[in-house]
Amino acid sequence: MALLNIAEPGQSPLPHQIKRAIGIDLGTTNSLVATVRAGSAAILPDEKGVMMLPSVVNYTDAQMPRVGAGALALAAQHPADTLMSVKRFMGRGSRDAIGDAQRSHYRLAEGEEGLVRFMTSSGERSPVEVSADILRVLHKRALATLGGEIDGAVITVPAYFDEPQRQATKDAATLVGLRVLRLMNEPTAAAVAYGLDSAEQGVIAVYDLGGGTFDISILRLHKGVFEVLATGGDTALGGDDLDAALAEWVLQQCGSPSLAPGQYRQLQAAARAAKERLSDEVAVDLDLTGVLPSGGAVRVTREDFESLIQPLVKRTLGACRRCLRDAELDAGIDNIVMVGGSTRVPLVREAVAEFFQRPPLVDIDPDQVVALGAAIQADILVGNRPDGDLLLLDVIPLSLGIETMGGLVEKIVPRNTTIPVSRAQEFTTYKDGQTALAIHIVQGEREMVSDCRSLAHFELRGIPPMVAGAARIKVTFQVDADGLLNVSACEEITGSQTSVTIKPSFGLTDDEITTMLQASFSHAVEDKLARQLAEQRLAGWQLLEGLKSALAADGEALLSEEDREAITVPMTELRALLEGQDTDAIRTLTERLGRQSETFASRRMDKSIREALAGMSLDALDDEVMQ
Ligand code: ADP
Ligand code: MG
């Protein structure tokens, strides 16, 4: 007799229900949404069949922001209301964003915690809100195409995005009601789209030349985990620069007439169209209608174009060279993945192939490859592949730690640790009777707090008064799969606890990360010496404090005047030394003073034992003995 399967109460006896999962490439220039259908990833087009949504929002109409091509069309007329390349401002303070804003003619305001905001004729908008408007369109598109609620989304971010930049991206998704399963690094997504994660291991270079930025990343795949070995690039180099170079050249061909801003924009658009056609054709006619009163056309050959952009392509290779050096590889690159619309330019492909000494992967549309990889990851995370054991992990770009005494940094999660991660470390109080602890969270590779980036401050209160060093405070750092940090501190005797989720005020650019890393290498020796000095000062200072309170309590009773002086004289000497920089002198004197006060310490110990015994009744002593 056959056995019948009976479902558990509340569980569907139907086969595995497919969930709706999407991947979103929230790009600087263009954004896309993709999903996995019938086992393969595909981009979801809009109702007109267009896949790419320009990452542009126009706020001229307060009731209805326009997003995408419609907004782009209004850019010339309403430049301050039409926000482009907003990704550059995500999670950044207005002070470090000013340069970018000047280039793009935005009017900036300063919001909460110094975060940047844009002034439009419909009021102020934050980069998070603008990104949310872009995500809203993609979300709607997915709802309409997939016919129901979306169960989860994976959104991609550049590998160099730091905590605040990632948090800002997540906030934008939350604003439109998208459930973010995970943020994924763009180069990792591209590698996944090519199925490179199925290999046992390998080193992958991802070359991403988009509209306004160039990113190079070196990833290492090991046991299903992609580790970012190094990132580099140029935040002001992309397809727009190729357009500009061509536009300049065309103007020269026409005798360098001066153009009105509207005519110049026409020329740029014509140059861009010509550039894109030159990827497939060997010569094109660049249309001058709207540029010159006489109209007409200029013939551009691929050869002309290639000689114009040669220096720009070279610059990307320079960044590749630096990135390879930073990655400190002991073996060669196994694969090169091409990402971004500008990698369609044949010269770019040839230059990359020559530089890495192997042909790059170009079979998947370079505009789509990131969104496709994100969709594959979303499909797995939402549980559509029961056999999907792939759980891609990323790493944190800079070490995380806390400030300890003397302005030193104690690293708790070192850089390049795979996330999610949870690390705990115990700390203690440094003063007698201390009931609160100020915890300062920092990010960076240097030894001194002043050389690292401050992320947050918080306080743990309610520590019972104890002698210095007796309290046990456990500080736990948790970084979730999206790279978001939660820090909690717990006093283990009373169990009092506080925690903070890091939503710091602004982010770092990739250049800043690189600079911070380089600084940590070039200051290694200096940092070590500074650390030794700070540690030695701290030891000296703690000894002084301890002796001061001990002398006040028992100095008169337990020491002769001569003995007291043998301690107080070097104490004064040490106090003076602590003002200076002489690590060795501080160490020597601290050790000597420590030895000199040993007798005093043991007399105090005897005294406290005697007192403890004296305080007990004979009965109590008997009880003690009985037990
Ligand atoms: P982002 O990642 O910055 O959002 P994309 O990857 O969408 O940017 O790349 C946009 C850039 O790609 C634009 O400069 C566009 O002109 C360029 N591009 C698109 N198609 C082609 C093509 N066929 N040939 C050359 N460049 C192209
Ligand atoms: Mg891109």
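Buried means under 20% relative accessible area, exposed means over 50%, and partly exposed lies in between, with a 1.4 Å probe and protein chains only. By that rule phenylalanine 89, at 1% relative accessibility, is buried. This is a predicted model, in which local features need pLDDT of at least 70, side-chain atom pairs count only at pLDDT 80 or more, and totals for chains, interfaces and linings use all residues. Residues are numbered from 1 along each chain as its sequence is written, chains are lettered from A and ligands numbered from 1 in the order in which they are written, and side-chain values use heavy atoms, with hydrogens and water left out.

**Around ligand 1**

- There are 17 residues around ligand 1. A residue is near a molecule or strand if one of its heavy atoms lies within 4 Å of it.
- Thr29, Asn30, Lys275, Glu276 and Ser279 come nearest to the ligand.
- The shell holds one nonpolar, 11 polar and five charged residues. Here Ala, Val, Leu, Ile, Met, Phe, Trp, Tyr, Cys and Pro count as nonpolar, Asp, Glu, Lys and Arg as charged, and the others, Gly among them, as polar.
- Helix H7 (residues 261-277) gives the largest share of the shell, three residues. Helices (H or I, at least four residues) and strands (E, at least two) are DSSP runs, numbered from the N terminus.
- Domain 1 (19-194 + 366-390) and domain 2 (239-312) each supply at least three residues of the shell. These bounds come from an automatic or database domain assignment.

**Polar contacts of the ligand**

- A polar contact is a pair of N or O atoms within 3.5 Å; within protein, one must be able to donate a hydrogen and the other to accept it, and residues adjacent in sequence count only if both atoms are side-chain atoms.
- Glutamate 276 has a polar side-chain atom 2.6 Å from an oxygen atom of ligand 1.
- In the side chain of lysine 275, an N or O atom is 2.7 Å from an oxygen atom of the ligand.
- Glycine 211 uses its backbone: a polar atom there is 3.1 Å from an oxygen atom of ligand 1.
- On its own, ligand 1 has 580 Å² of accessible area, and the protein covers 90% of that. Accessible areas come from the Shrake-Rupley method with a 1.4 Å probe; for residues, only the protein chains shown count as cover.

**Lysine 275**

- Lysine 275 sits in helix H7.
- Is this lysine buried or exposed? Lysine 275 is buried, at 7% relative accessibility.
- Its side chain also makes a polar contact of 2.8 Å with the side chain of aspartate 243.

**Aromatic pairs**

- How many aromatic pairs does the structure hold? There are four. Rings of Phe, Tyr and Trp (its six-membered ring) pair if their centres lie within 6.5 Å; planes under 30 degrees apart count as stacked, over 60 as edge-to-face and the rest as tilted.
- One of the pairs joins phenylalanine 89 and phenylalanine 118, edge-to-face, at 5.1 Å centre to centre with 90 degrees between the planes.
- Phenylalanine 89 lies in the loop between strand E7 (82-84) and helix H2 (94-104), and phenylalanine 118 lies in strand E9 (residues 116-120), so the pair ties together parts 29 residues apart in sequence.
- Phenylalanine 118 is buried, with a relative accessible area of 0%.

**Positive phi values**

- Most residues other than glycine have a negative phi.
- Serine 85 has a positive phi, near 50 degrees. This serine is in the loop between E7 and H2 and is partly exposed, at 24% relative accessible area.
- Serine 256 also has a positive phi, near 45 degrees. Its place is the loop between helix H6 (239-253) and H7, and its relative accessible area of 48% makes it partly exposed.

- Glycine 383 is in the loop between helix H10 (369-381) and strand E19 (394-395). Its C-alpha atom is 7.5 Å from that of lysine 19, which is 364 residues away along the chain.
- Alanine 191 belongs to helix H5 (residues 186-193) and is buried, at 0%. Isoleucine 336 is 145 residues away in sequence and 9.0 Å away in space, C-alpha to C-alpha.
- Glycine 238 is in the loop between strand E15 (225-234) and H6. From glycine 238 to valine 313 the C-alpha separation is 9.6 Å, across 75 residues of chain.
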